[in-house]
Amino acid sequence: MLTAIAIAVDGLGFAAWLFLSSVGLTLIYGVMRILNIAHGGFYALGAYSSAWAIGLYTATGSTTALTFLIIPLAALAAGVVSGLIVERGILKFMYGRDEVLMVLVTYAIFLILEDVTKLIWGTESYVAWQPAFYFGTIDVFGIPYTVYKFLIIAVALIVGLVLFLGLNRTRVGKLLLVVIEDREISGALGINVTRFFTITFVIGATLGALGGAITAPEISVSPGIGAEIIVLSFAVIVIGGMGSIGGAMLGAIIVGFARAASVHLYPPAELFSIYLVMAAVLAVKPYGLFALAESRKI
Amino acid sequence: MTKSLDRTELGLIIALPILICIAFVLPKWIVNYVQVSMGTGLVALGVMIQMRAGLVSFGQGLYFCVGGYAAGMMAKFLGVSDLFVLLAIGILAAFVLSTILGFLLRRYREIFYAMLSLAVSMILFGLLSSTEELGSTDGFNLPTATYLGWAPEGETARLTLYTITCIVVIGCAIALNRFLKGPIGYINEAIRENELRVEYLGTSAHKAVHITYILAAVVSAIGGVLWALALGHVDPEMTNWTTSGQFVFVSILSGIGNIAAPLLGTFILEIVRVYAVEFSPNTWQMILGTVMLLIIIFLPKGLWSLLTRKKKTKQEKLAASAPAAGE
Amino acid sequence: MTTILETRKLEKAFGAVYAAKDVNISIDAGEVLGVIGSNGAGKTTFVNMVTGYLTPSAGEILYRGKSITGLPTRDITKLGICRSFQIPQLFLELPVIENMLIALTIAKQTTPVLFKPAINPALEAEALALLARFKIDQYADQEITTLPQGVRKLVDIAMATVAEPDLLFLDEPTSGVSADEKMDFMRVLIDALKSTQTAVLFIEHDMEIVEAFSPRCVAFYEGTILADGPTAEVLEDPKVREFVIGSEFHRSAAEPKKTKKTATAKQPNKGAK
């Protein structure tokens, strides 16, 4: 029974973290048809800038409460700056190229971002645990959990809701759905597709950075976290169906619970279980749960 | 068409004695790099033959690792150190695994192929990283290879392994060159261009992709065995996606035009890495990334295309002067 | 004449929309058959079903008396049914000769060989001869991307013939060919095919071409067959004139009538309005 509760709470926690980290990836793919490996780089930038800023701030001895402002600000700064540079500086010139080629381009950008991170913050680890324990812990049937974990779950829900409402209830969101449906016709209708791409990419990058920033207090931020998250995010969005935000949420829950279950039941299978779930899903639905099969007209 | 085929094979055959001879002439450290890069070069070849079909494998490290670990486990648990047995076991393991996984992967194309190949390689990564019997993330060591009962030591052992590596790698390269010029190789190019037409011409694209996938796996496993024996060590990093990414990098860098290009590309990369890491350890990946972007933008067919470009322009001129009809 | 292809009550539904309904067509060995119908009438859907690209929702396709319904495209090709495409499906970044060589390699593939060269001088000569038959051998070394549409169409058709099919579908062979060249284009094509005793079904929008090249004609309308019979009769059919030809085809009305028949199609069609 206790294990079941632990799996449920941890599963939700993992799911929230995975959703935040991968929703930007699926958004960018949905709109721009770019499978953005550099997403891992944005995640790392967010995590580093958040951990670094929290470290600087707490060194002054001020109240930890304000770090909850620092986290989103760090994510915003990291995401907007790096997202704009990457989109305006490189991707802009490659729109319309083959999807596989774009994977290679973003892989190259990922490699560059890895070293940018190292050049700015060095190769040592950053630990910024203060926000994670600020609200203390609460007991769930006798198992203590940090309140921060539930905060991340709340943030994930809010981000999901905002994206859903933003896409379906606002004018800009509806225009974006039109762009997703048919890029060429939207252009012909006078929609500024390029600007939508820029905005989408920056939002996607910022979401990636937010995923990193919000996780930073719970982990030790060190080189390699970007490479790690990109694989997990791939699994999440492939399970759900690439380009679908609802799919990312479902994928995150499936992967999150699979991971929590193996952590509690059979720890060595932790990474293994995620891909096993993914393989099982794809064996039944080859392009993910929420994907529509496309047929070519001849 | 048929002439250039002979030239590549001839070049490889001529290169073989030269390669073996340099072991006696050049300093030991360069020879070591040649040997190591021949192992990883075979994996790059595996990536390259799939690229001919338009498929980018971001998980070729899987079979590199399968080869290395299969050989390593054979040595560790059964005490076998015979190179030929280890090679055979590496090939067998890769063949069986790729035959099974091929049924899943052959259904996918483009980015899905890239992602799924990455995912399956990370399954092994996860598995090996948490298996303590196999040294978890540290991996384990391999013994010095023996050859049908002969157990050389020291300098002799080094030169023997090197010579055999050269022969095996050149042999694989020639075999793959023939494969690319053979029916399946041709069909692969057609699949890259237009899979629908391939099916309408009356052959199974899935089958061709499956065969290519198995062949790429086997070659990568051979590379893994040779690499592991050269270094005397294996670890899960072999199947991490960042390792696979480097094989993709080499294929992009050298292009898919010629079978020798990835081998050469791997060696150059290995040498450049030594200096780059020495000179400025935190900018190596940045250099890789930048070079990759420049190649994609300015030399989409890879560095090798610089060598063949002259011939091409002549052909294009001829083509342009041909009369255009239907106008 | 022996019937080589027969479809019985062939049907394809996409949701509630019928792209084809109650399609019964039989084709004899060696005959030339023109298919007319406006866009979306179900002509290409019919070809897609027979060649295995689409699986019919209902009905049966018999080839030489045996059912081929639902077989994959590659198996149907191997049985001797080939097709060309409305939009040429070629290997764009390869030269014409390589396109043909790939087609030949696949057609001649019997047992899989991995390490034997696929191309030899004899095969190249064969490819060139095929191109010459369609009078496009002068483009052999050009990449497809550099070719005008008309040449691409011919390459596409040439590739469909390398397996020496018994039945060949041509999906709008003259689309993309300029109006004053269409007749000559079709002549080259039909002459090239006549030498092989292949049954040819071609989809065409130009009634003059249908009149000139196909003794028999089938008219499609909204997924059903409106008329099927000798071309002259079908083109005179009032329903065909109303729903398919429209006001565009005045020529035969202005000409002295040969045989004015108002007979409806040979086969009854329930779906026609």
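Mentor: Start in chain C, where twelve residues of domain 1 are in contact with ten residues of domain 2; contact here means that the C-beta atoms of two residues, placed from the backbone, lie within 7 Å. You're looking at a predicted model, in which local features need pLDDT of at least 70 and side-chain atom pairs count only at pLDDT 80 or more, while totals for chains, interfaces and linings use all residues. Residues are numbered from 1 along each chain as its sequence is written, with chains lettered from A and ligands numbered from 1 in the order in which they are written.

Domain 1 of chain C covers 1-80 + 165-273, and domain 2 covers 89-163; those bounds come from an automatic or database domain assignment. On the domain 1 side, β8 (167-170) and α6 (182-194) of chain C are the elements that give two or more residues. The largest share, four residues, comes from α6(C). Sorted by class, that side has nine nonpolar, two polar and one charged residues (Ala, Val, Leu, Ile, Met, Phe, Trp, Tyr, Cys and Pro count as nonpolar, Asp, Glu, Lys and Arg as charged, and the others, Gly among them, as polar).

Stepping back, chain C has ten helices and eleven strands, which are DSSP runs numbered from the N terminus (helices are H or I, at least four residues; strands are E, at least two). Of its 273 residues, 47% count as buried, that is, with 20 or more other C-beta atoms within 10 Å of their own, C-beta atoms being placed from the backbone. Among contacts in chain C between residues at least 6 apart in sequence, 69% join residues at least 24 apart.

Now over to chain B: 31 of its residues are in contact with 31 residues of chain A. On the chain B side, α5 (110-129), α10 (241-254) and α12 (284-298) each give two or more residues, and α5(B) has the largest share, twelve residues. This side divides into 18 nonpolar, eleven polar and two charged residues.

Also within chain B, the axes of α2 (residues 28-51) and α11 (residues 260-279) come within 8 Å and cross at roughly 130°. Axes are lines fitted to C-alpha atoms, for helices over the stretch in contact, with angles running from 0 to 180 degrees between N-to-C directions. The residues making this contact include Y33(B) and M48(B) of α2(B), and P262(B) and F267(B) of α11(B). By class, the α2(B)–α11(B) contact has eleven nonpolar, five polar and one charged residues.

Definitions and conventions. Buried ≥ 20, exposed ≤ 12 C-beta atoms within 10 Å, placed from the backbone.
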